[in-house]
Amino acid sequence: MSEKFVVGYDGSDVAKRALDFAVSRAQAQGGSILIVHVLEWSPYSFLTPEEIEERHARRKEELDRAEKALMAPLKAMIAAAGVPVETQIKYGHVAKTLCEVAKKEGATQMVIGRDGDGGLSSRVFGSVAGSLVQVAPVPCTIVP
Amino acid sequence: MTRLVPTAVLAVCFTMVAALSASAQSIDETINGIFASSTGWFVNLIFSNFPGTNFPWIVGWLVVAATVFTVYFGLIQFRAFGHAIALVKGDYSDPNDAGEVSHFQALATALSGTVGLGNIAGVAVAIGIGGPGATFWMILAGLLGMASKFTECTLGVKYRNEYPNGTVSGGPMYYLTKGFAERGVGGGKFLAVMFSIFCILGALGGGNMFQANQAHAQLTNVFGEYPGWITGVIFAGIVFAVIVGGLKSIARVTEKVVPFMGIIYVGTALIIILMNYDKIGWALGQIFAGAFTGLGVAGGLVGALIQGFRRAAFSNEAGVGSAAIAHSAVRTKEPITEGFVSLLEPLIDTVIVCTMTALVIIITGQLISDPNTGLYVLNEAGTAIRTVGDTSGVALTSAAFSSSIGGFKYILALAVILFAFSTMISWSYYGLKAWTYLFGEGKGQELTFKVIFCLFVVIGAAASLGPVIDFSDAAIFAMAVVNIIGLYVLMPIVKRELNSYWSRLKSGEIKKFS
């Protein structure tokens, strides 16, 4: 069975490094890449009446923007490197959603960058990489 | 942002100059006089009694409607209760729809429009005039009102307008027009226009002036007397910044803080009730005895009943149609699911939060009764029960909470201001939807309404409680007159939706996702 790498991607420098790492491994091992971009979203947050009215339109805008600005250029680039690539854009809790996608798509590995911010905020709220270490359903590589 | 700065500076200067002027108090009197004399006829019309009785027809109208819906939908408020909770928890939400407005969010936003001063000040008004017995009728009205809310919110989603840019507009004005046309009944357009007019008045009254008025009452209670229009101008400035200036951050902060204030409020009420646990039995006795005998309040049994029903309707807005506007923007393939979710609103708002306020006022002994007869002692005018500190409205609630927990009036003042503010933001939206229905969508039309809305904040804060509460009630009940006619005509459509959904739920065609 060929390797399938799920890569969490948010457009940051570390995410790019994580993706490069995954692409080079996939090239070497003959695997494929699934890039997942998660937009942070909680169904339990509070919205004003106007925000509720505009939500559906906003969501469409956000998805379009993520597809055009983030995913489309990557797809072209990775496909040019000869690696099969797919992309998904999801809403939800980042770590949880990445795990769900990995399980559903039968991924064999996960790759994610970490922002190296060991400061107060990640101590209080936790970091995506930190959570994935705890809950990832498949082997997970964290790229510094 | 640049537009806001001059407004804020102007508001501050205006406030300071006028605060120094000796005639400040008389501005309040002038505003109050003009307001009371120009709205009296409308109030009298809405609150006129059934011929030969002292029972206002509008109260009967609301209760009969809620009872009809309860029977017609076979006690839907109890039957669908568990399913409503499951929907709010997201058990039936498709994960692929993540990022759309969830049932929880629609409920939370609608609740922050209804949980407000009605629960704190309105209940105190009801208990102050109708005695503890009003609580019983209030709870009953809340339970029945769940069925009205279910009906109107289902219709609100079913007949909303969806625009090409992805936004939606819904509410009674849309189901009155489209639903009536579908059933081949005439007059829908006329009712929709009437509803919109009343909705604008309701937004300016209960959704605005009453809130400003009681926020000011609570502020003077904490900081001492000062002219009401000063509070009005400051409040109007902030509301202006949010609804005209688009300062979303204030609205967002409020939306997030309000639920926690609600929890703190209910939690504190529970603590006070538990601190006086030996009096719980007595308080319940007072509520039941008062409900059926009146215990000496003005108007006796009927007086208690009218107050209870009136304040419940004002607080949870069931049958009024405002919730149908709030809920109509949710994303769902099944309009009926939003109806199920919305039936939780009167329960949370009236049966839980309002009852807490009532119990605290009764248990802390704010109402003065004659130890010999057990009946309540009325004030000199004979219109309300005498209270320990001669208080009414929000000041009565504040006195009740503070008598057990000393500094609570400061927390309550903050809660009142936040509740008042979030209710104003919600109602400015309802009013705006009615306004654009009448005058068309457009930036100019929207701005006109928003400026009028801000002006009424000042009037509300300056006028005295009596005329404001009468006008607020009258306007909100006028919405219910029109809306409930619509609900009677359209309830077979809701029944069809309900039967179809319920059988698919039972057969397993509608599945849980988690």
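Tutor: In this predicted model, 21 residues of chain A are in contact with 27 residues of chain B, where contact means that two C-beta atoms, placed from the backbone, lie within 7 Å. The largest share of the side of chain A that touches chain B, 10 residues, comes from α2(A). Local features need pLDDT of at least 70 and side-chain atom pairs count only at pLDDT 80 or more, while totals for chains, interfaces and linings use all residues. Residues are numbered from 1 along each chain as its sequence is written, and chains are lettered from A and ligands numbered from 1 in the order in which they are written.

Student: Why is B:Gly245 called buried?

Tutor: A residue is buried if 20 or more other C-beta atoms lie within 10 Å of its own, exposed if 12 or fewer, and partly exposed in between, with C-beta atoms placed from the backbone. B:Gly245 has 20 such neighbours inside 10 Å, and therefore counts as buried. B:Gly245 is placed in the loop between α11 (228-243) and α12 (248-275) of chain B, helices being DSSP runs of H or I with at least four residues, and strands runs of E with at least two, numbered from the N terminus.

Student: What makes strand β4 of chain A largely enclosed by the rest of the structure?

Tutor: Five of the five residues of β4(A), residues 109-113, are buried, so the strand is largely enclosed.

Student: How do you know that β4(A) pairs with β5(A)?

Tutor: Pairing requires that DSSP finds at least two bridges between two strands, and four bridges join β4(A) to β5(A) (residues 140-143), running parallel.
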